[in-house]
Amino acid sequence: MSETGASYAAAGVDIEAGDRAVELMKEWVKKTRRPEVLGGIGGFAGLFDASALKRYERPLLASATDGVGTKVDLARQMGVYDSIGHDLVAMVMDDIVVCGAEPLFMTDYICVGKVHPERVAAIVKGIAEGCVLAGCALVGGETAEHPGLLGPDDFDVAGAGTGVVEADRLLGADRIRTGDAVIAMASSGLHSNGYSLVRHVVFDRAGWTLDREIPEFGRTLGEELLEPTRIYSLDCLALTRTTEVHAFSHITGGGLAANLARVVPDGLHAVVDRSTWTPGAVFDLVGSAGRVERAELEKTLNMGVGMMAVVPQDSVDVALATLADRGVDAWVAGGITERGEHTSGAGMVGDYAS
């Protein structure tokens, strides 16, 4: 038996490394600051001045929480830690903006097997950059060291966010009407869904490595798979300010059909014409390399569309112009019909009724 007494450090937890990680991340967190934020990081709780909500007649708070999934393992393998922060913010804040809410603030949770201060700071840097793109503040977070549970290089990230919307401006299924147009906004790639399938295909089935050059991508497999999720929050809010919007749908797990169905009311169909766009090369690669059936791809991956907006017909031109001005590739992909009005045919995804 050892004569040396047990200690936290001997158990694998390095408090000093954690403190250094906090110091390294402070400059990045500061970049996300909004005027409503009080204090800095290091306290037990992040503070947000709720008196800012007095300008609302009936403010509704919207909240969401999410992670990045198995995409974090690709980041670990490649030694690239900042891009997944964008993914985390997108998965949380783009859910919040779907109801028309303005993102306010976010907190994160980073769980590691061993604290590598520079690595943790790089993750927070990416989260902070994502918060800037979403227009929200990063008010705090937690870094937890779990030796024995996770390997020294293993980690995971999660986050939670809050937004606000005026009650009479809440978006959703009750606003959608027959004849509305469905506008698709292009994704930046796979985003952060379906990576268990993707990893199974490219590693287990195809036997490829992350440094494999893929001519269709013009870069390596790893670089393509780590492409950050596009953050649409401010683009969606810009639409609500410039024209009438009835609903948004964030295309995540479940694909186009399942997510669009979440905002279509009973009795109506959303019919999307697949001939209006061509999914990027990464989707064809996953399908062909894994011999994945089209239906399986459709229900797992976003197929080139990261967000959809449902707008009245007389809002289409302004909506497309607004998105173009913001650098978002967007197009009319379909429309809303009564049940039984559409006919199936080539290029039709099918109906997305809830």
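Met303 sits in the loop that links helix H10 to strand S12, which spans residues 305–311. In this predicted model, Met303 has a positive phi of about 55°, although the residue is not a glycine. Is Met303 buried or exposed? Its relative accessibility is 1%, so Met303 counts as buried.

His191 is found in the loop between S7 and H5. Its phi is near 60°, again a positive value in a residue other than glycine. With a relative accessibility of 2%, His191 counts as buried.

I turn now to helix H9, residues 281–290. Its buried residues are Val282, Phe283, Leu285, Val286, Gly287 and Gly290. An α-helix has 3.6 residues a turn, so residues three or four places apart point the same way. Which elements cover the buried residues of H9? The cover includes helix H5 (195–205), strand S8 (213–214), helix H6 (221–225) and helix H10 (294–300). Just after H9, Arg291 takes a positive phi of about 50°.

Next, the strands. Strand S13, residues 330–338, runs antiparallel to strand S7, residues 181–186, and five bridges join them. Within this pairing, Ala184 has Trp331 of S13 as its bridge partner. S13 also pairs with strand S11, residues 268–273, in the antiparallel sense and over five bridges. There, Ala270 stands opposite Ile336 of S13.

The remaining topic is the second largest pocket, whose volume is about 320 Å³. Its lining consists of 15 residues, and those nearest the centre are Gly100, Val165, Arg169, Leu237 and Thr240. Which elements each supply at least two residues of this lining? They are strand S6 (155–166) and helix H7 (233–242).

Why does Thr240 count as buried? Its relative accessible area is 16%, and buried means under 20%, so Thr240 falls within that class. Leaving aside neighbours within four places in sequence, Thr240 is in contact with Arg169, Leu171, Val245 and Phe248.

Terms used:
Residues are numbered from 1 along each chain as its sequence is written. This is a predicted model: local features need pLDDT of at least 70, side-chain atom pairs count only at pLDDT 80 or more; totals for chains, interfaces and linings use all residues. Side-chain values use heavy atoms; hydrogens and water are left out. On a 1 Å grid over the protein atoms alone, a cavity is a set of points where a 1.4 Å probe fits but cannot get out, and a pocket is an open set with protein on both sides within 12 Å along at least five of seven lines; lining residues have an atom within 4 Å of a point. Grid points are joined across faces, edges and corners, and a volume is the space filled by probe spheres set on the points. Helices (H or I, at least four residues) and strands (E, at least two) are DSSP runs, numbered from the N terminus. Buried means under 20% relative accessible area, exposed over 50%, partly exposed in between (1.4 Å probe, protein chains only). Contact means heavy atoms within 4.5 Å. Two strands pair if DSSP finds at least two bridges between them.
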